[in-house]
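Please keep the sequence and the structure open side by side while reading.

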Amino acid sequence: MESKKNNWKKYSFEFLSIFIAVISAFALNNWNDNRKDNKAESKILNEILNGLEKDQRDFESNAKGHKVGVESCKFWRKIFRNENIKLDSLQLYYFMLTRDFTTIQNSSGYETLKSKGFEIINNDSLRTQIITLYDFDYQILRKLEERYYEMQFQKNYFKELNKVIATNFEYTTEGNIKTINLPIKLSESERNILLSYLLKIQGNRKYLLQFYKGVVDKINALEKNIEIELTGN
């Protein structure tokens, strides 16, 4: 009877030892997996953060270009209406009137995140914020700048505007713009058509400026939240 009791204790101890060993191994393996995931998450977030900084600079540069485009519309509106105006920035406002822009989006960090799986970002709110920026805001911005027909200023408006503008330029011997002969002679209907072009260009550039501001604000918010996630503060 005593032997059976000792055997039971022996087997119980062995079972408990094996159970503890298995649980410990599982916990260690799980800890290693979490450690690897945390390292991968930090690396991806840093990569996204670096890309966002470059995106912000590019978007702000495009926004400045659209602001000059708005001023160009104001400049040519005064000329078409035969108002007094300084010609210091004639060449700049000529080139920027119908200038288009492209969006250079640094999405390598986001592509890495997609390949690893979105669930690697533990913070649900941060994950949603990242996906929304790249898959929604960035895509809309690219379509507006590069594909939306009404906002392709060079294609839609340059030819018609240039017929009136370029014929009144005076050029240097090197072929550069020297000045413009004013006033430009236009019929009322011609003037109204040209003014309508300027109205469309200016309105669409202002819309783009508002969208750029919204995207840059979202980039700033995302950068702040990524930094908080990385530092734990």
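## A buried leucine in a loop

In this predicted model, L186 has a relative accessible area of 16% and is therefore buried, since the cut-off for that class is under 20%. L186 belongs to the loop that runs between strand 2 and helix 6. Leaving aside residues up to four places away in sequence, L186 touches F80, V164, R191 and L194.

## The fold as a whole

The chain contains six helices and two strands, and their order along the sequence is α-α-α-α-α-β-β-α. Of the 233 residues in the chain, 36% are buried. When contacts between residues at least 6 apart in sequence are considered, 81% of them join residues at least 24 apart.

Just after helix 6, G232 takes a positive phi of about 80°.

Not counting residues up to four places away in sequence, the contacts of I44 are with G109, T112, L113, K116 and I120. I44 and I121 are 77 residues apart in sequence, and the distance from C-alpha to C-alpha is 9.1 Å. A221, by contrast, lies in helix 6 and counts as partly exposed, its relative accessibility being 33%. The C-alpha atoms of A221 and Q129 are separated by 9.2 Å, although the two residues are 92 residues apart along the chain.

N82 sits in the loop between helix 1 (2-80) and helix 2 (90-96). Its phi is near 60°, which is a positive value in a residue other than glycine. At 39% relative accessibility, N82 counts as partly exposed.

## Aromatic pairs

How many aromatic pairs does the model hold? The count comes to 13 aromatic pairs. One of them is formed by Y157 and Y197, whose rings are 5.5 Å apart from centre to centre with 55° between the planes, an arrangement classed as tilted. This pair links distant parts of the chain, as Y157 is in helix 5 and Y197 is in helix 6 (residues 188-231), 40 residues apart. Is Y157 buried or exposed? Y157 has a relative accessible area of 8%, so this tyrosine counts as buried.

Ring pairs also link F59, Y110, F118, Y134, Y138 and Y212 into a cluster.

## An enclosed cavity

Rolling a probe the size of a water molecule over the atoms shows where empty space is left. In this model the search gives one cavity of 30 Å³ or more, and the largest cavity has a volume of about 40 Å³.

Which residues line the largest cavity? The lining is made up of Y94, L97, T98, F158, L161, N162 and I165. Helix 5 (residues 153-165) supplies the largest share of this lining, with four residues. By residue class, the lining of the largest cavity divides into five nonpolar and two polar residues, with no charged residue among them. As a general point about helices, an α-helix has 3.6 residues a turn, so residues three or four places apart point the same way.

Note on methods:
Residues are numbered from 1 along each chain as its sequence is written. This is a predicted model: local features need pLDDT of at least 70, side-chain atom pairs count only at pLDDT 80 or more; totals for chains, interfaces and linings use all residues. Side-chain values use heavy atoms; hydrogens and water are left out. On a 1 Å grid over the protein atoms alone, a cavity is a set of points where a 1.4 Å probe fits but cannot get out, and a pocket is an open set with protein on both sides within 12 Å along at least five of seven lines; lining residues have an atom within 4 Å of a point. Grid points are joined across faces, edges and corners, and a volume is the space filled by probe spheres set on the points. Ala, Val, Leu, Ile, Met, Phe, Trp, Tyr, Cys and Pro count as nonpolar, Asp, Glu, Lys and Arg as charged, and the others, Gly among them, as polar. Rings of Phe, Tyr and Trp (its six-membered ring) pair if their centres lie within 6.5 Å; planes under 30 degrees apart count as stacked, over 60 as edge-to-face and the rest as tilted. Buried means under 20% relative accessible area, exposed over 50%, partly exposed in between (1.4 Å probe, protein chains only). Contact means heavy atoms within 4.5 Å.
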